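Please go through the model below with an eye to its helices, its open spaces and a few backbone details. The text that follows takes these in turn.

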Amino acid sequence: EQNLWRGHRIKAVDGTSAQMPDTGGNQRKYPQPSTQAVGCGFPVIQLVGLIDLIHGGWQEFVESSLRHSEARALDQLLHCLQARDVLVADRAFVSYETVCRLMAREVHFVGRNHQSRKRDFRRGTKLGYNERLQVWRKPSWQPPGSGLTPEQWEQLPEEIAIRIIRTKGPGRDGKPTTRYIISTLVDAMSYPAEEVASLYVHRWEIEL
């Protein structure tokens, strides 16, 4: 228990890729990037893994070709997440569908707001100077890359409560930047904004 974060296990998910030997079998299963001319590149395998940030060990990973999105690979890792776990991920995994599916498993989520989702920090209930409680509504249409059947999509809740935390820090280039962290840990008293935002910083450990 003393190794947990406020009683929760923190897990991180991310994807990477690697070149493979240029064989016919590999080219068929893991074709080279479409931006390369045929015969001028190597087969590439995509790996999406889950690590336990409490001890830093791998829990599971799945492999696919580049034609499959990292977010869909998470579907195959959901069985590794237990109730009260907190999943930390980058923007590639942030979607209404993903957050709802995690909430259905009683798994919390912390991630960076996806650039395609418009944000207005003035809206919502003010929880603090740098945090708001906002309502996300289900998209009116099911995204093409959805991992659900039309029936499962219809069963998703029409809206969910999301906490938005504004935090500042150095970006990849070392220059100051403002990040907007989203989370389903909506209780501001039990989960201070600074600590929730720091979980996203710890996500970098999976990159290493």
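Which residue with a positive phi follows α3? The residue is Glu-106, and its phi is near 65°. This is a predicted model, and what follows should be read with that in mind.

Glu-106 is not a glycine, yet its phi is positive. The residue is found in the loop between α3 and β5. Glu-106 is exposed, because its relative accessible area is 55% and the cut-off for exposed is over 50%. A second residue of this kind is Arg-6, which is likewise not a glycine and has a phi near 50°. Arg-6 lies in the segment before β1 (10–19). With a relative accessible area of 39%, Arg-6 is partly exposed.

In α3, the buried residues are Tyr-96, Glu-97, Thr-98, Val-99, Cys-100 and Leu-102. An α-helix has 3.6 residues a turn, so residues three or four places apart point the same way. The partners of the buried α3 residues include both helices and strands: they pack against α2, α4 (150–154), β4 (86–89), β5 (108–112), β7 and β8.

A search of the whole structure gives 1 cavity of 30 Å³ or more, and the volume of the largest cavity is about 50 Å³. Its lining is made up of Ala-71, Arg-72, Leu-74, Asp-75, Leu-78, Glu-97, Thr-98 and Arg-101. Both α2 and α3 supply at least two residues of this lining, with the largest share, 3 residues, coming from α3. By class, the lining of the largest cavity holds 3 nonpolar, 1 polar and 4 charged residues.

The lining of the second largest pocket divides into 10 nonpolar, 7 polar and 4 charged residues.

The largest pocket contains about 620 Å³ of space. Two or more lining residues come from each of β8 (159–170), β9 (176–183), α5 (193–202) and α6 (204–207). There are 29 lining residues, and Arg-112, Pro-170, Arg-179, Tyr-200 and Val-201 lie nearest the centre of the pocket. The lining of the largest pocket has 13 charged, 9 nonpolar and 7 polar residues.

What sits over the ring of Tyr-129? The charged end of Arg-166 does, at 5.5 Å from the ring centre. Pairs between rings are a separate matter: when ring centres within 6.5 Å are taken as a pair, the count is 1 aromatic pair.

Note on methods. Residues numbered from 1 in each chain as written. Predicted model: local features only at pLDDT ≥ 70, side-chain atom pairs only at ≥ 80, totals over all residues. Heavy atoms only, no water. Phe/Tyr/Trp six-rings, centres within 6.5 Å; stacked < 30°, edge-to-face > 60°. Lys NZ or Arg CZ within 6 Å of the ring centre and 35° of its normal. 1 Å grid on protein atoms, 1.4 Å probe; cavity = no way out; pocket = protein on both sides within 12 Å on 5 of 7 lines; lining within 4 Å. Points joined across faces, edges and corners; volume = space filled by probe spheres on them. Helix = DSSP H or I, 4+ residues; strand = E, 2+ residues; numbered from the N terminus. Nonpolar A, V, L, I, M, F, W, Y, C, P; charged D, E, K, R; others polar. Buried < 20%, exposed > 50% of the residue type's maximum accessible area, 1.4 Å probe, protein only. Contact = heavy atoms within 4.5 Å.
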